[in-house]
Amino acid sequence: MVAPESLSLTQARRMTLAAQGFADPAPAGVPTRRHLRRVLDRVGLIQMDSVNVLQRAHYLPLYSRLGPYPTGLLDTAAYRRPRELFEYWGHEASLVPVGLHAALRWRMAKARDDAWGGMRRIAEEQPELVGWVRDEVAARGPLTAAEIEHDAPRETGNWGWNWSAVKRALEFLFWAGEVTAADRTPSFARRYDLPERVLPPAVLDAPTPTDAEAYRTLVAVAARSLGVAAEPELRDYFRLPLAGARQAVAELVEAGELVPATVQGWRQPAWRHVDARLPRWVRGNTLVSPFDPLVWERARTERLFGFGYRIEIYVPAAQRVHGYYVLPFLQGERFTARVDLKADRKAGVLLVPAAWQEPGVDPGETAVALAAELRRLAGWLGLDAVAPPAAGDLAAPLAAALRSRTGVP
């Protein structure tokens, strides 16, 4: 048995940042479809979330790696022919490359066992509702849940359906792969249609792998996207079952695609993807979404960067430590600050409810870099100004750095 490689924490961190695309050169001009594909190849999938206090979550990972880009690039890839992405349960609700559709069919096939409780109950207790909803989509799609509910029979016979029941039926069908997302409305409601009317024929005609083959494919994508990872992170990337993920790791090690490693300070054994590269350094300053794959696994984030992070959206306001929608600031190869942000679109201002520095950083240097990034972000969002931060231990230096550019005394 070959002894594991020994990696320093710095090496593991740089390999991770390179694998995630943070060491790639910035586009010379306006980012194009080629740049989009490069990021998708790096991250493997993009998580979605309905919170829109700053920007929809799925747009932000591309911004963090490419800088300001036209969001229509992602919309076209996901919702226009020929589609390169489709919506499905990957990490959470995600945009997934269509080439992984076959590798996720095991999840579709297990919808009756694995889907969330409300969806399972609908399928078990009201199969006639599920069948009726699917027929409506087949006959009239693409449709939103509200459009289907509008025409659903009400309180007649044994029906008694309401909006939530129709929505749960749709979500069960979505989990089972019997319907998919054609696109999204301006209010972010999903419009459902049949897969054969949405996905390329070659995707649907691809052979269905065995569960073991699918797990191996998905663990390989996770490993390539993470660079260096412990087993929990390889499993978590696509939320795989424990036994299946472990077997996949063992098979990928045997095939030479994963290289056993130890990382300084890590208790768990780790694996390096065979193609992981080690850059000499990582340049650039960028904000990172709470839903970015770089920080999905919070324990890994703390081990790699010494950065304890949690999203506090669901924490009562009085109990929040850093703020409602806090983005980490990646300065070079470490997180040096975190900032609570909100887009006031009506006033055209990027609000900064709070800004916080990490231990051991130079607050002046960090404030200058963060101020530049906030201006860049505001411009991408179509906002005219950045408000001075309202709270936090980096508030004063950041306010000064923002003033220095605008000339405000």
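Glu 358 is buried in this predicted model. Its relative accessible area is 8%, and the cut-off for buried is under 20%. Glu 358 lies in a loop. Strand S13 (349–357) comes on one side of that loop and helix H16 (363–380) on the other.

What does the side chain of Glu 358 make a polar contact with? The partner is the side chain of Arg 338, at 2.9 Å. Arg 338 is also among the residues that Glu 358 touches, leaving aside those up to four places away in sequence.

Elsewhere, the model has an open sheet of four strands. Their order is S1-S8-S9-S7, with mixed pairing. Strand S1 (5–7) and strand S7 (228–230) are the edges, and each pairs on one side only. From one strand to the next, the twist averages 40°.

S1 and strand S8 (residues 258–263) run parallel and are joined by three bridges. Within this pairing, Leu 7 stands opposite Val 263 in S8.

| Helix | Strands touched | Angle between directions |
|---|---|---|
| H12 (residues 211–226) | S7, S8 and S9 (270–273) | about 85° with S9 |
| H14 (residues 242–254) | S8 and S9 | about 105° with S8 |

Methods
Residues numbered from 1 in each chain as written. Predicted model: local features only at pLDDT ≥ 70, side-chain atom pairs only at ≥ 80, totals over all residues. Heavy atoms only, no water. Pairing = 2+ DSSP bridges. Helix = DSSP H or I, 4+ residues; strand = E, 2+ residues; numbered from the N terminus. Axes fitted to C-alpha atoms, helices over the stretch in contact; angles between N-to-C directions. Contact = heavy atoms within 4.5 Å. Buried < 20%, exposed > 50% of the residue type's maximum accessible area, 1.4 Å probe, protein only. Polar contact = N/O pair within 3.5 Å; in protein donor to acceptor, adjacent residues only side chain to side chain.
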